[in-house]
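Subject: Structure for you to look at

Hello,

Please find the sequence and the structure below. My notes on them follow.

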Amino acid sequence: MASPWWKVALSEEVTSTKPLAVDVADQPVVLWRDAQGIARALEDRCPHRRAPLSRGCVRDNGWIQCGYHGWSYDGETGRLKDIPNMKDEQKFPPVYKAAAFAVSENGGFVSVNLDQKTLLAPPAVRHDMPLGGTAHVALGHDQWISALFDDPGLVLDIRSVQFTPYLMSDLREENGLLVMERFCQWGKLHWPSYATAEFPITLITRTDPETGETEAVLRDDSFRTLLTAQVAPVPAARGVTQVRWRACIGDELKGSHAVGLRHKGSFAVRETVDAAALRVLIPSASHLANKLREDIRSAAPAVPSSVSAAA
Amino acid sequence: MLEVADRSASSDTDHFDSAAPAAPKRASGPSMNAVNNWVPHDLVMRDSWFPLAHDHAVGKTPVRRAVYSHPFYIWREDGKVVASEFHPLEIVTRDKSPYTDARGRYPVIEHYGLIWGWFGRPEAADPAHLPSLPFLPPKGGLPKHMTATIRFDCSAPISLENLIDLTHADFLHADVVGDEKSDSEEVEVYYDSETITMVRTLVNKSVAPIMKFFSGIRQPTQNVRQVIRIYLRSHCAIAYGRFSPGDDVPLFHPCTPESRDRTRMEMVMNTSNAGTMFRHVMPKAGYKVSRQDSSMTNPQSPRYMDLSPRKDLHSRFDQAGQRYRLLMMDLAARQDAGDFAYRDNVSADCSDIIGLRKELFQF
Ligand code: FES
Ligand SMILES: [Fe+2]
């Protein structure tokens, strides 16, 4: 399985003033912007004495400088460029480098691929979305995705929207993505969903089977797009899932609930999951999803990932 | 048997400084490449005095300390210090360790204003193995404000490696000790089987902010001579800075391994010779500086818990730290083989080695 691209940060989180620490599962990664404004990613471990580079700073010329003894590295290659007080002995052999990762920036997200020589094209997001946020969830990556498939309300919070257990269309594969459409209701005051004849809105989700990255579109019964969100769950340290998201509200909103989406905070990824509800959540769409994810994974050609081999 | 490390310890690892002159290989012990086989958490030093408490901290009620997770309860009986592995009120249900006498008591000694516990074979306890600290009054009595207890969030050898590598100070502690700018920097390393001493000489270094404010130094630069001397077994260090213009600041910096991944320091800083302001402020700087150190050594520590095939990279400024690793591994290997003898005398006065201005420290 080729090493995937992970959306590890929002563009605005990556700056040239302060390095940002993120992780992809057990791999710590440091992100920053160099002098040209290009986002860079190195292993968050200084090869000198293993201190996290993210506790250092970004120099004016765009190199990252470790905060422990001040060694500086170039972001593109990871090569050591400078040791303080070494004056004229600043030529270092090629092994003097930190592991560098591939970086791509698009649609307001910064993505990394732990395989620096990856042949996979970086992910494209259709358009820039003004809203964005990051949530840390104490739930494993696979479990988070399963919850999204079985009850999005446990992991997402869209103002006034109630997710029902009823699907307009079952989960299926479409252009390599797992796609489904779920009926939703407005507000809290209404007949229970099982006794409701017509639903005013639906949520369409298109999910990457490998990363769980999902485009979610809220649509009303006249085919107006009310809200579009790009949600990127990334496995982080200690089984935490870090979810970055961006969203934009549709231009044509009809009805008070739909207009209410314009309020601040109308979309969010939940920081906490109701564990009591999650435990008894009965598998439904995730059953098929897990099968499809498994099939797609095993069909893909094996490409060794270079993370663990990084010197 | 004091050897001079006249080459970088790393010259036969993956290091670029291959022009350094080759010294004769040491007859035994780990090879130079062993520098990377460093798992500090697994090192246990026995037959050694460890500083456990300031004398003023111990009275009739037992205080709790630990060395390598072995409990040390310390209190005074008729004014005399005792250390036991059992609390006097404990209903004993566990076996006595081999490190105490029939009553469960450790050898203990009061010296330099500190209480030292012996960890190892009780019959081998000998005051002759107490580290020499010539800037501390042997009978104690320094004011309390020159002492502190500070903990480090990492294993003890990592804390000591941090201390003996002073290049980090210019970055991590720039706000206290000044930045890295100087006209020249020289590092010399001396060692024997029980100690390592590093001398760092800086010409025209930016003045330490703390001295600017509290000692009234007006010049932009000062010459600095810093000495770090580590007593390997006891995990104790001397940090002695001579600043001209400026003050003479000798610091006792022990790193007692209470547990595998946490370290306790019973610090004593003898600032008796400095100006009033500085005398009071400088010991307090330890609280700030130690947190800065932990901010690096804490995340570092777990990354050294397992042997890694990924070698650390070294520069020529790291020779003291590398030598420290090798000496610790040498000692540990000897102890593993059942050899606990001291081949070098740690209690011999080290004033000359650290360049102490004796006239300032007469007791
Ligand atoms: S650990 Fe990064 S410079 Fe030393
Ligand atoms: Fe320090």
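I start with burial in chain B: of its 363 residues, 60% count as buried. Please keep in mind that this is a predicted model.

Chain B overall

The secondary structure of chain B consists of seven helices and 16 strands. Its C-alpha trace spans about 60 × 50 × 35 Å along the principal axes.

Helix H5 of chain B

H5 of chain B covers residues 276-300, 25 residues in total. From first C-alpha to last, the helix reaches 37 Å, close to the 36 Å expected at 1.5 Å a residue. H5(B) also has a kink of about 30°, and the kink is centred on B:Ser294.

B:His145 belongs with this part of the model. It sits in the loop between strand E8 (114-119) and strand E9 (147-152) of chain B. Which residues does B:His145 touch, leaving aside those up to four places away in sequence? They are B:Arg279, B:His280, B:Pro283 and B:Lys284. B:His145 and B:Arg279 are 134 residues apart in sequence, and their C-alpha atoms are 9.0 Å apart in space. With a relative accessibility of 23%, B:His145 counts as partly exposed.

Backbone points in chain B

Most residues other than glycine have a negative phi, and most peptide bonds are trans. Two places in chain B are worth a look on that account.

- The peptide bond from B:Ser244 to B:Pro245 is cis, and its omega is near -5°. B:Pro245 is in the loop between strand E13 (236-244) and strand E14 (248-254) of chain B.
- B:Asp47, a residue other than glycine, has a positive phi near 55°. Its loop runs between strand E1 (3-4) and strand E2 (48-54) of chain B. B:Asp47 counts as buried because its relative accessibility is 2%.

Chain A overall

Chain A has four helices and 19 strands. The C-alpha trace of chain A spans about 80 × 40 × 35 Å along its principal axes. For 311 residues, a compact globule would have a radius of gyration near 19 Å, and the 22 Å of chain A agrees with that. Of the 311 residues of chain A, 55% count as buried. Among contacts in chain A between residues at least 6 apart in sequence, 55% join residues at least 24 apart.

Local points in chain A

Helix H1 of chain A (residues 141-150) is mostly covered, with eight of its 10 residues buried. The buried residues of H1(A) include A:Trp144, A:Ile145, A:Leu148 and A:Phe149.

A:Glu173 is in strand E13 (residues 161-174) of chain A. A relative accessible area of 47% makes A:Glu173 partly exposed. How far apart are the C-alpha atoms of A:Glu173 and A:Leu292, given 119 residues between their places along the chain? The separation of these C-alpha atoms is 7.8 Å.

A:Asn175 is in the loop between E13 and strand E14 (177-186) of chain A. This residue is not a glycine, yet its phi is positive, at about 50°. A:Asn175 has a relative accessibility of 79% and therefore counts as exposed.

Regards

Key:
Residues numbered from 1 in each chain as written. Chains lettered and ligands numbered in written order. Predicted model: local features only at pLDDT ≥ 70, side-chain atom pairs only at ≥ 80, totals over all residues. Heavy atoms only, no water. Helix = DSSP H or I, 4+ residues; strand = E, 2+ residues; numbered from the N terminus. Expected span 1.5 Å × (residues − 1). Bend = angle between axes of the 7 residues up to and from the residue. Rg over C-alpha atoms; globule rule 2.2 N^0.38 Å. Buried < 20%, exposed > 50% of the residue type's maximum accessible area, 1.4 Å probe, protein only. Contact = heavy atoms within 4.5 Å.
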